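This note is written for a reader who is new to protein structures. Please keep the model open while going through the numbered points.

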Amino acid sequence: MIAEDTAPAPRALTRPPRLGFAGVGWIGRHRMQAMLETGLVEAAAVLDPSPDMAAEALKLAPGAARADDFEGLLAMDLDGVVIATPSALHADQAIQALRRGAAVFCQKPLGRDAAEAGAAVAAARTTDRLLCVDFSYRFTEAMRAVRGRIGDGELGRVHAVDLVFHNAYGPDKPWFYDPGLSGGGCLMDLGVHLVDLALWTLGFPEVERIDADLFAGGRPLTAGAVEDYAAATLRLSSGAVVRIACSWRLPAGCEAVISAAFYGERGGAAMRNVGGSFYDFTAELYRGCETQVLTSPPDAWGGRAAADWAQRLARGARFDPEAERFVAVSQVLDRIYATAGRA
Ligand SMILES: NC(=O)c1ccc[n+]([C@@H]2O[C@H](COP(=O)([O-])OP(=O)(O)OC[C@H]3O[C@@H](n4cnc5c(N)ncnc54)[C@H](O)[C@@H]3O)[C@@H](O)[C@H]2O)c1
C-alpha cells in the first residue's frame, strides 16, 4: 500500500467516467447494471478471480477489459472503482483506489472496524475523491417517506426506535463465516444497515450508552465464531432509546422480517417489509390505532445508491463530508461488539 494519502489532482471530465468493478458476484453485477443504466458511466474493466463471475459481468459490458489483479485494475486509467469483494478487502482496496485518484463506491461494511473505515474516509478526504458506501435501504421510497415525516416534525420528538432484520437463511458463501474475512456475523452483515438507518434518520446524534448480546447457534458467542443473533440497545444523546435485533437462520416463519419503526409524542412511522419479502417495503404513519399507508411496492430501490454515486461522479463531485458518517456507524458496531464481550 502507498504510504501517504496523495493522489493526482482531480481533473475535469470531458467524457463519461471510466469505472473498474472489483468483485462481480451477484451484488457487484447488480450494482454494475444499475450504474450502466444511468447511461452516464462506462465500464472499463472488471476484476474477479472467478472466471464465471467475470464472464457474467462482461456480458453486461462487452467492451470492458478483464483485469488479472487489483493493481492491474487500477492501471486502467479509471475515474472510479466499485468494490463488491469479500468485506475484509473493502477498506484496503478503497484506500488503494483513492490514492490512485479514483472515486470509490464500496459495498458495506466499509471496514471490519472503525479504524479501517476511518482510514478509508481519511484517504477520500485528503485525496478529495467521492466515497460512498452502499447503504441501500436509505434509498427505499419507504425509508425516504419515514425520514421525511420525522424531519417535518410530524411525530414530535422521537423517543423510541425499534429496528429488526431477520434473514431466515444464512449467507451461502463460506467467507461470511470467517471473522477474519467478514469482520463479524449478522451484526456486521445486517445490523450495519439498522445502525445506519437509525442514526441517519435521526441526524446522527451521539450514542451515549450501549447494551448488547450476541449469540451463535443459540448460545453466547465464543471466540472464532461469528454471531447469528444480535440484540443491542442504544441510548442516544437526544434521550431516545434504539432497540436493534438482527439474525441469520432465525425460524421467523417467513424469509425475512425487516422493519424500522420510530415513535414520538405525536405519532409513529415505520418502514416494513411486505409478506416476508427481502425486496418489497411499505411505509406507514401511525396515529393511535390508525394506520395511514405512505408508500407501497413496487419500488426498484436496490441499485439506487449505486446509480446516485455514478450520477454524482459524472457531474464531477469530489469528497463529500457526509462520508464521515460511515465511520460513526462503524464506531457503534465496534462498541456493540465490545459491550457484548466479543473475544
Ligand atoms: N448493500 C447491500 O445491501 C449488500 C447486499 C449484499 C451484499 N453486500 C456486500 O457485498 C459484498 C459482496 O457480497 P456478495 O454476496 O456479492 O459476495 P460474493 O462472494 O457473491 O461476491 C464477492 C465476489 O468477489 C470476488 N472476489 C474475491 N476476492 C476478490 C479479489 N481479491 N478481487 C476481486 N474480486 C474478488 C469473488 O470471486 C466473488 O465473485 C459483501 O461485503 C457484502 O456485505 C451488500
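1. Basis of the note. The model is predicted, so local features need pLDDT of at least 70 and side-chain atom pairs count only at pLDDT 80 or more, while totals for chains, interfaces and linings use all residues. Residues are numbered from 1 along each chain as its sequence is written, and side-chain values use heavy atoms, with hydrogens and water left out.

2. Domains. The domain assignment gives domain 1 (18-136 + 304-320) and domain 2 (141-300); such bounds come from an automatic or database domain assignment. The contact between them takes 12 residues from domain 1 and 14 residues from domain 2, where contact means heavy atoms within 4.5 Å. Taken over C-alpha atoms, the centres of the two domains are separated by 26 Å.

3. Area of the interface. How much area is buried between domain 1 and domain 2? The value is about 1,100 Å², and carbon and sulfur atoms give 54% of it. Buried area is the accessible area (1.4 Å probe) that two parts lose on being put together, summed over both. On the side of domain 1, Lys108, Phe135 and Arg304 lose the most area to domain 2, together 46% of what that side buries.

4. Two salt bridges are counted between domain 1 and domain 2; a salt bridge is a side-chain nitrogen of Lys or Arg within 4 Å of a carboxyl oxygen of Asp or Glu. Lys108 also forms a salt bridge with Asp189, with the closest N and O atoms 2.7 Å apart.

5. Two serines in loops. Ser136 is placed in the loop between strand S6 (131-133) and helix H6 (141-151); helices (H or I, at least four residues) and strands (E, at least two) are DSSP runs, numbered from the N terminus. Ser136 has a relative accessible area of 4% and is therefore buried. The term buried means under 20% relative accessible area, exposed over 50%, and partly exposed in between (1.4 Å probe, protein chains only). Beyond residues up to four places away in sequence, Ser136 touches Arg31, His193, Trp301, Gly302 and Ala305. Ser87 lies in the loop between strand S4 (80-83) and helix H4 (90-99), and at 6% relative accessibility Ser87 counts as buried.

6. Salt bridges in the model. How many salt bridges does the rule give? The count comes to 20. In one of them, the side chains of Arg15 and Asp79 meet at 2.7 Å, N to O. Arg15 lies in the segment before strand S1 (18-22) and Asp79 in the loop between helix H3 (70-74) and S4, so this pair ties together parts 64 residues apart in sequence. Arg15 is partly exposed at 31% relative accessibility, whereas Asp79 is buried at 8%.

7. Further pairs. Arg318 and Asp128 meet in a salt bridge at 3.6 Å, N to O. Arg318 is in the loop between helix H9 (304-314) and helix H10 (324-339), and Asp128 is in the loop between helix H5 (114-127) and S6, 190 residues apart. Arg318 is partly exposed at 38% relative accessibility, and Asp128 is partly exposed at 28%.
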